[in-house]
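Please look over the sequence and the structure below before reading on. The notes after them are grouped by topic.

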Amino acid sequence: MPERPGFYERRIFPWLNDRLAGNPFIERFRAETLDDACGRVVEIGFGTGLNLPHNPAGVERLVAVEPNGGMHARAAARIEETGFGVEMIPGVPRTHGRFTLGTAAK
Ligand SMILES: C[S@@+](CC[C@H](N)C(=O)[O-])C[C@H]1O[C@@H](n2cnc3c(N)ncnc32)[C@H](O)[C@@H]1O
């Protein structure tokens, strides 16, 4: 990810991510992958939040790491619809205090 994302990163890539990775075939794998997720979850490379609806009831909180601001805009509506808290880390963190996680998704 470049220091200052250009037009492709901010506009095209988020749109492409939703178009290509939001289809029913891939959705099945998202659900299978997150089936055992619970407690506090970290998703590194959160994108537009396509994994959000597949987090099972046991997930209490999600730490979303996503350096591309173009993804944040598309993720906002999905975050609002989610029944658990989502903490967005809008960069590539070197440190993020100390916390205990149940699941890490990518
Ligand atoms: C292919 S997308 C996947 C998004 C989402 N996890 C999904 O399944 O739809 C990969 C994401 O990783 C993000 N990314 C790239 N480099 C990263 C880094 N060093 N740390 C965290 N996220 C990064 C990109 O901006 C992009 O949104």
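What follows is a short briefing on the fold, the core and the ligand surroundings.

The model is predicted. The protein chain has 106 residues, of which 21% are buried. It contains 3 helices and 4 strands.

**Overall fold**
- Along the sequence, the elements of the protein chain come in the pattern α-α-β-β-α-β-β.
- Of the contacts in the protein chain between residues at least 6 apart in sequence, 58% link residues at least 24 apart.

**Nonpolar core**
- The largest nonpolar core has 11 residues: Leu34, Ala37, Val41, Val42, Phe46, Val59, Leu62, Val63, Ala64, Met71 and Ala75.
- Three elements each give at least two residues to this core, namely strand E1 (39-44), strand E2 (59-65) and helix H3 (69-81).
- E2 provides the largest share of this core, with 4 residues.

**Ligand surroundings**
- The ligand is surrounded by 15 residues.
- The closest of them are Gly45, Gly47, Leu50, Asn68 and Val92.
- Sorted by class, the shell around the ligand consists of 9 nonpolar, 5 polar and 1 charged residues.

Technical notes
Residues numbered from 1 in each chain as written. Predicted model: local features only at pLDDT ≥ 70, side-chain atom pairs only at ≥ 80, totals over all residues. Near = placed C-beta within 6 Å. Nonpolar A, V, L, I, M, F, W, Y, C, P; charged D, E, K, R; others polar. Buried ≥ 20, exposed ≤ 12 C-beta atoms within 10 Å, placed from the backbone. Contact = placed C-beta atoms within 7 Å. Core = buried A, V, L, I, M, F, W, Y, C linked by C-beta atoms within 7 Å.
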